[in-house]
Every structure is written in structure tokens, then in C-alpha cells.
Amino acid sequence: MQKGDRVNYEDITNNYLFNICVSPDYQNPNPVNNIDYLYPEFKDLILQMLEEYERINLNDCPYIYETYRSHTLQNIYYFRGASKIRGGNILTAGMHHFGTAVDIINLEDKNGNKIKDKGEAVDWNTIDYKSMRVISRKLGIYDLGNYEVCHFQAIPVSEQSQLRRYIYNKVIQFQKEHNLVPDGIIGNKTINALKNG
């Protein structure tokens, strides 16, 4: 995936189904920051973005706070007023759910000192998101502007519904092929079928 290239929905779907849905974090009610859940091409670009950012902002400690987000956690954020997206199913899920979004913060210790040790981080502070967005846009990574400055994703907001619908249809197709109820819900039977190929 490079600037100007179209994101491959099939690859995103395969990563979602065969990497995320079968993982122990699929229903995790807590923030997950495992970068291996990200759509691989997007992961590569995020790491490149952070590397470029750190070269010009030597004193900052950018940290990927969240990659994958379960429906459960999405609903918690929604009811707290921290998100406009209500989780619950594929057609309403946020981009974190599909491995196509990250939240990036700046690590600090309890005294406000910037640190690289994630184990000691107790708080986070704003980083130079303006410069980070310049880098991300150059690489073809999308952001939400001032609405949510720490959020970066693989596709523009205008394509989110299209991606959700694509993944939903692929889940229905998979369920039909495996003699499951084609309801588009990734429940235990669908997860077991995904694990068994």
C-alpha cells in the first residue's frame, strides 16, 4: 500500500478473519496494542511514519496505544461519549475492529517526563500531531484531523461503510460455505470454522 494505491479489501478481510477473529483478543474488553493485528501493509506504513516522526522530534516518545478494538470496548467508549461509533456488529464497527486504525500517544512518567519504557508509563500527553499528519498524509495514511488527533487509519472516512459491507458479505459467504447460519455474526461456531480452515 503506497500513496495513491487503493487499499485491498480482500487482504484486509483475510487479516480480519484469519488473524484477528481467531485471536484470544477478539472479545477483549480492554485496549489492545498488538501491531501484529494490523493489516500488514498498513502496519508497515505506521512503523515508517513513527520512524520518520522520531527523526525530526527527538524528544518525543510516540507509542501505539491501541490497534485492535473489540465490539465490547467500542460500546464502552460509545456510552462514555468517547466515540461516535457504536459497536456490536460488522456493519457498525469502527476501523480499529478490522486492523485498519491506530491511536498514537506520547509516553510520560508520573512526573511528566517523556520516557521510552512502556512499563512505567502512567499518563500520556499531546505530541506534535501536526507534523505527524504531514508525514502520514505523504505516506497515504488517513487521519481524522482535529476531531481525534491521535487516530490514524488505512482508508478515508468516506470508504468506511464500503469496507464494512465488503467484510460483512465475505463473512456471510464464509458461513454459507461452512454450513453455518449466514447471519454475518462472528460467534463461536464461525470462529471455530475459521480456525479449522
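Of the 197 residues of the protein, 50% count as buried, where buried means under 20% relative accessible area, exposed means over 50%, and partly exposed covers what lies in between (1.4 Å probe, protein chains only). The structure is a predicted model, in which local features need a pLDDT of at least 70 and side-chain atom pairs count only at pLDDT 80 or more, while totals for chains, interfaces and linings use all residues. Residues are numbered from 1 along each chain as its sequence is written, and side-chain values use heavy atoms, with hydrogens and water left out.

The protein contains six helices and five strands, taken as DSSP runs numbered from the N terminus (H or I of at least four residues for helices, E of at least two for strands). Followed along the sequence, these elements give the pattern α-α-β-α-β-β-α-β-β-α-α. The C-alpha trace spans about 55 × 35 × 30 Å along its principal axes. The radius of gyration, taken over C-alpha atoms, can be set against a globule rule of 2.2 Å times the number of residues to the power 0.38; for 197 residues a compact globule would come near 16 Å, and the 17 Å of the protein agrees with this. If a contact is defined as heavy atoms within 4.5 Å, then among contacts between residues at least 6 apart in sequence, 62% join residues at least 24 apart.

With Lys and Arg counted as positive, Asp and Glu as negative, and His and the chain ends not counted, the protein has 22 positive and 24 negative side chains, and the centres of the two sets lie 6 Å apart; the place of each charge is taken as NZ of Lys, CZ of Arg, CG of Asp or CD of Glu. A salt bridge is a side-chain nitrogen of Lys or Arg within 4 Å of a carboxyl oxygen of Asp or Glu, and by this rule the count comes to seven.

One of these salt bridges joins the side chains of Lys170 and Glu10, at 3.2 Å from N to O. This pair links distant parts of the chain, since Lys170 lies in helix α5 (residues 160–177) and Glu10 in helix α1 (residues 9–20), 160 residues apart. Lys170 is partly exposed at a relative accessible area of 23%, and Glu10 is also partly exposed, at 28%.

Another salt bridge, between Arg55 and Glu51, has its closest N and O atoms 3.3 Å apart. The two residues are four apart in helix α2 (residues 40–56), and are therefore separated by about one helical turn. An α-helix has 3.6 residues a turn, so residues three or four places apart point the same way. Arg55 is exposed, with a relative accessible area of 53%.

By contrast, Glu66 and Arg69 are both buried, and their salt bridge brings the closest N and O atoms to 2.9 Å. Glu66, Arg69 and Asp103 are linked in a network of salt bridges.

Finally, Lys110 is found in the loop between β2 and β3 (123–125), where its relative accessibility of 71% makes it exposed. Lys110 and Gly87 are 23 residues apart in sequence and 33 Å apart in space, C-alpha to C-alpha.
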